[in-house]
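Please open the structure alongside this note.

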Amino acid sequence: MPDPTTEGNTHFISPRLLKGLEYQTPISKFYAEATYMSRRTEPESLDFTLGDSHEMPLPGFVEALQRWSIPQNQGWYGYKGNIPESRQTVSAALQDKRGISILPEDIFMTNGTVVGLAICLQILAGDGDEVIILTPPWLAYRRMVHLTGAMPVGVPVDTNTFDMDLDAIASAITERTRAIIINSPHNPTGKIFSATTLEGLAAILTDASRRYGKPIYLISDETFSRIVFDHQPCPSPTQFYPFSFLVYGYSKTFMAPGQRIGYIALPSTMPNRQEIRRVIGILQQSSFGWCYPSVLMQYALGDLEQLNLNIEHLQKKRDWMVKALRDMGYKLRTPDATFFLLVRSPWQDDCAFAELLASHGVFVLPGTPQEIPGYFRISLTASEEMISSALPKFQAAFQDAIASIDTPQSS
């Protein structure tokens, strides 16, 4: 027997876990190969890739954390699960801000959307199952599904409208389908799915559930549901289908992705919620560790809910960049929501164009690793100073691309 203190490759790691970890998603392949992306954190680089804010926190954010960091009793920082006050705050906010009625006892606090999604997937999916995701997907969906032992099944959105393709979803459902993940507003397209579309989806899921004799669940990732432009309505998919989980995280809302708090919410229309409550409660304490948010974030949530999110500032940056890029010759739709722009690449090889932009000191996320080839994504969390500095570089890169291109840009 080899001596584990001296021999290499002696560890036994769960084969199922290794299979999940070794699963190569498009985005993991991209980061492994795109060595130029390591330069995006250099001081002179203009980084538009991710949702990190390049501006100071929202006014009042730090004050709320400071206020609630002062202990009011000996157990202030002791073990805390779903603090009743935070559940009540979420219930009231859902009603006041979105017109959704969910009881406090049907709200389960998590340290962000990712953990909420992981808990839902662990409840629903296992070996041999299938979970439908819309493509382009949020970057972590495929691996999260794969780690449960299930298979992610991608269904593309309509490339002209970015709307859900309901016929394609209906065709993708099989007897192995356990769930579908819907992300509205959708990252990266910025599309808000309408009530009519969501009603159509609910009818498809209801019909398929009856056909296969078991519910097909809907996991609704509503991370961007409060970053909506032009005062548009943003209906929750959970309002149309009873077997639904609403998953939300505040980090994008507060532009503070390092301060994690979110929740899973069960609509009042879900049958036999007591069993789901019981299972979520167990998983919060044992599945991935202590899956509750920081007690400080829970204490402060009532104050944080009162902050002015200043969507107008984001919308101003959206309108500024959309107009400026279009004037240069770029093709893009105006997003309904989120803080991303999805822009047509002047070159068919969007990864190559992203590298060209990087040579000008501007870093974006190309579309191919996001499963939407021919595009690239820009984050509007950039500061106004960054945008001012970057726009001439976007223009220079576009002119370089057009000068060397053989095939005109697609419209």
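Predicted model: local features only at pLDDT ≥ 70, side-chain atom pairs only at ≥ 80, totals over all residues.

1. Start with strand β5, residues 177–183. The strand is mostly covered: seven of its seven residues are buried.

2. Look next at the partners of β5. Strand β3 (residues 130–135) runs parallel to β5, and four bridges join the two. The bridge partner of A179 in β6 is Y217. To get from β5 to β6, the chain passes through helix α8, residues 195–212. This β-α-β crossover is right-handed.

3. How many cavities of 30 Å³ or more does the structure hold? There are two.

4. The largest cavity has about 70 Å³ of space. Its lining includes V90, K97, R226, Y248 and E305. Two elements, α4 (84–98) and β7 (244–249), each give two or more residues to this lining. The largest share, five residues, comes from α4. By class, the lining has seven nonpolar, one polar and four charged residues.

5. The second largest cavity has a volume of about 40 Å³. Among the residues that line this cavity are T25, P26, I27, W138, R142 and E371. Its lining has six nonpolar, two polar and two charged residues.

Technical notes. Residues numbered from 1 in each chain as written. Heavy atoms only, no water. Buried < 20%, exposed > 50% of the residue type's maximum accessible area, 1.4 Å probe, protein only. Pairing = 2+ DSSP bridges. Right-handed = clockwise from strand over helix to strand, strands pointing away. 1 Å grid on protein atoms, 1.4 Å probe; cavity = no way out; pocket = protein on both sides within 12 Å on 5 of 7 lines; lining within 4 Å. Points joined across faces, edges and corners; volume = space filled by probe spheres on them. Nonpolar A, V, L, I, M, F, W, Y, C, P; charged D, E, K, R; others polar.
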